[in-house]
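Reader: Could you walk me through this structure and tell me what stands behind each label you use?
Author: Gladly; have a look first, and then ask away.

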Amino acid sequence: MKSAQNYIDLFKENRALLNHGSAGVMNSLRDAALKSLEQYGLPHSGLEEYLHTDVSKWFEPDWGMNLARLDMPVDFAQAFKCSVPNLSTQLYFLANDTFASSDTAAKNSLPEGVFAGSLKEAAAQHSELVEKFYGRLADMDRPGIAAINTLFAQDGFLLYVPDEVVLEKPLQLITLLSSKVDLMVNRRILVVLGRSAQAKLLLCDHALAANQYLTTQVTEVFAGENSSFELYDLEETHYANRRTSELYVSQEADSNVEIDYVTLHNGQTRNTVFSTFAGRGSNLSLNGIATIDKEQHVDNMTFVDHRVSDCTSNELFKYVLDDSASGAFAGKVLVRHGAQHTESQQTNRNICLTRQARMFTQPQLEIYADDVKCSHGATVGQLDDKAMFYMRQRGIPEAEARMMLMQAFVGEVIGRVSLEPLRDRLNRLVEKRFRGELTQCEGCRACR
Amino acid sequence: MNTETQDNSLIREISAEKYRYGFTTDVHTDIIDRGLTEDTVRLISERKGEPEWMLEFRLKAYRHWLTMEMPHWAHLDIPEIDYQNISYYADPTVKKEGPKSLEEIDPQVMKTFDKLGIPLEERLALSGGVAVDAVMDSVSVKTTFKQTLAEKGIIFCSMGEAVKNHPDLIKQYLGSVVNYRDNFFAALNSAVFSDGSFVYIPKGVRCPMELSTYFRINAAGTGQFERTLIVADDDSYVSYLEGCTAPMRDENQLHAAIVEIVVLDRAEVKYSTVQNWYPGDENGKGGVYNFVTKRGLLKGVDSKLSWTQVETGSAITWKYPSCVLQGDGSQGEFYSVALTNNWQQADTGTKMIHIGRNTKSTVISKGISAGHSQNSYRGLIKVGEHADGARNYSQCDSLLLGSDCGAHTFPYMDVKNETAIVEHEATTSKISEDQLFYCNQRGIPMEQAIGLIVNGYAKEVLNKLPMEFAVEAQRLLSVSLENTVG
């Protein structure tokens, strides 16, 4: 509670400065956020949802915050030359929590009516649109990071796709964390898809320099009727990085949403997903991979709310834990009264490679309707001895065989990624990760 | 009459009688005043003529209980319980000393147990071969077969007697598995427990018969706080059965028991429960609150403990029979059928704590919800750092009958050892329409068809029950499901 009070005080002292660096719509929710933070504080391990990740501790150090919106120049061209072969994306950049730039060619090629860019700018220029959606899903009536994020967020990214518009090319939003001091970053992402709209968004988190970072990220996704949306959240940062994110998804009738969380490299990560079916006949595919070692920690919590009938949710999370890494997974599926014909499947499989690695898993079903098919499964174990023996017998060296088995293990999740070039890239990255190489791609200076 | 028609008539007969154990017995019962203070604890101890160390044990627990708050994490909606409005001790035997032979027991009490179909009379030994300890309200009424058991060195008596006659064993083991600090209800029980059963199986002895305790709450306004302690010494074996019933009353009655089991080297204990406390009426009025702590410590190498439970009664059930797998190669099993109907609530499951090497545990849980009931499975599989080669398999299935009930699964897995293999699977679905259609087509009416399918669904667990109990459990499942179609 003490650190929450520090942030409350900080906010009260700097409110004018904060508002000045942001836009009216974003400023209008700060009172509610303040109230929530005062009431619930920061999420701590005394809460069941945060049992294995004491997020409140992350907020204790004296973080720098760029409230005055000082220019923190990042040379994107130099820092990020990432080009995924065959993955032709439209690039957008966030420097810490400030929208930095997009390539102009990309901007011009967007269909009419589509907005992809700074949330702050959008809030100023299209305040009606942003007001209608901003902060509508993020739940501040419970302990979490939505409150502190809403309190301090000044900018972020907005993707708006109007009715019937299909974005062929995936959008790639690259976040580079770069600072001369240890920095806390509060980032906000808003995605609104109209009726029958389609889009794909790839989020890449990278950290430059060895400073410590704390990121809070709140993402809100509104998927309109019959829309289709794919969100890939890829984290490749470094050991000193702490990240806590909340993703809120609301799906209208007949919509399809795919979400993939990939944690290849990080320090401490906590991702929370709240997904709601608001209209019938919708599908959700929610997947995750974590390949972690040393002292790294990944905690994914998902909550899928089947409010209406005839929806399908499919979840698959896989962890490979090496050294002293620790992982946690908590997944809850709630099928409300009347949500008949729900189909829900949730799977979490984990491999611990060493004695020190630790895994905690907690799949949960809460069901109030009878005509449903729901199942969940979870396992913690090691690589299959028999498969290992089979490969050794055929002359494959132990290290290689081990790698192939691990690759196959996470391959199941990668296989679910719809974006083919990204799938290939992930396969390569994961392979490199298992070989103990750094996961940076050629020509990229990020994530060292 | 062939077997099938016999079964059918049985179901009809049972269907007509609803909760058949709902009668009360008009027997003079010595009940102490309602309320709980340190004096109450002293009074209970005094009534039972306990030694000083036992009173100390109780007082420590009571003082600790005062510092605790009732937990609220379960998926249950529990109305406020007024702990000062319960009488903590009721003794239907009245007589100053325990009955020495059957003739001394109040005939009304005898009738009660006769109605329950419990063979208190030793002559029934020939047919049943079950030794029974009957506990009415808080006091052990009669233990049968003591003599036969004593010949083998087996101790099977009420807790009250054990405190007097076997103080060393009680001092050594009481509270060694479930400490009074363990949880709110364990502290409460440790302070006010009135009686229960004590079992000691000496080294190398295989108990020749099933040991059984029947619990019955009779008096109004009382709670039942019994305590069971089973110690199975090296290379021994025992199968223990527990059954419970209570009269139909509008008020809720509290039952907070503790069961402790210590299993030493290569010993095996099988613990079976058919829990049929009064579940309340169809509007959710009345019924027993069943808040029980059951835990076994598998201390010895290659020891084995198997929990089998059929839970059909109680307005609210909150219990997690658990195994602490401490000895290398020890094995824990948990087989459960929990059926809730009307407004019943159940939050039940198990904890398997793997500490020793090569320990194994199996969890099979079958939940059935009907009416407006809520049925949750909650389980923890914990594998410690040194539990090399630990293996767990859990399966929990839920069956939903009707659209107003709920079925929930909350499994927790905490693995700290890389050689461990932990698996969990759960499914939730409604009763298969194909199966119902198949039965209907062959002239089996809906209600019977459901009974048939549910019994088939629960078979995996029912098969683990000793013969006498399996029959009772099957009947119970059918009765409890009555009127769920519609």
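Author: Let me begin with a definition: a crossing is left-handed if the near helix is turned anticlockwise from the far one by less than a right angle, and right-handed if clockwise. Please keep in mind that this is a predicted model, where local features need pLDDT of at least 70, side-chain atom pairs count only at pLDDT 80 or more, and totals for chains, interfaces and linings use all residues. Residues are numbered from 1 along each chain as its sequence is written, chains are lettered from A and ligands numbered from 1 in the order in which they are written, and side-chain values use heavy atoms, without hydrogens and water.

Reader: What is the handedness with which α2(B) passes α3(B)?
Author: That crossing is right-handed. Helices here are DSSP runs of H or I with at least four residues, strands are runs of E with at least two, and both are numbered from the N terminus. Helix α2 covers residues 38-47 of chain B and helix α3 covers residues 52-66 of chain B.

Reader: Why is α2(B) called roughly antiparallel to α3(B)?
Author: Their axes, which are lines fitted to C-alpha atoms over the stretch in contact, with angles from 0 to 180 degrees between N-to-C directions, cross at roughly 155 degrees and come within 10 Å. Angles under 35 degrees count as roughly parallel, over 145 as roughly antiparallel, 65 to 115 as roughly perpendicular and the rest as oblique. Therefore α2(B) is roughly antiparallel to α3(B).

Reader: Which residues of α2(B) and α3(B) meet?
Author: With contact meaning heavy atoms within 4.5 Å, Glu38(B), Val41(B), Arg42(B), Ile44(B) and Ser45(B) in α2(B) meet Leu55(B), Arg58(B), Leu59(B), Tyr62(B) and Arg63(B) in α3(B).

Reader: And how is α3(B) placed against α9(B)?
Author: The axes of α3(B) and helix α9 (residues 184-192) of chain B come within 7 Å and cross at roughly 145 degrees, and this crossing is left-handed. Among the residues making the contact are Trp65(B) of α3(B) and Phe184(B) of α9(B).

Reader: What makes Gln345(B) count as buried?
Author: Buried means under 20% relative accessible area, exposed over 50%, and partly exposed in between, with a 1.4 Å probe and protein chains only. Gln345(B) has 13% relative accessibility, so Gln345(B) counts as buried. Gln345(B) sits in strand β18 (residues 345-354) of chain B, and its contacts beyond four places in sequence include His75(B), Ile316(B) and Gln374(B). Of the 486 residues of chain B, 63% count as buried.
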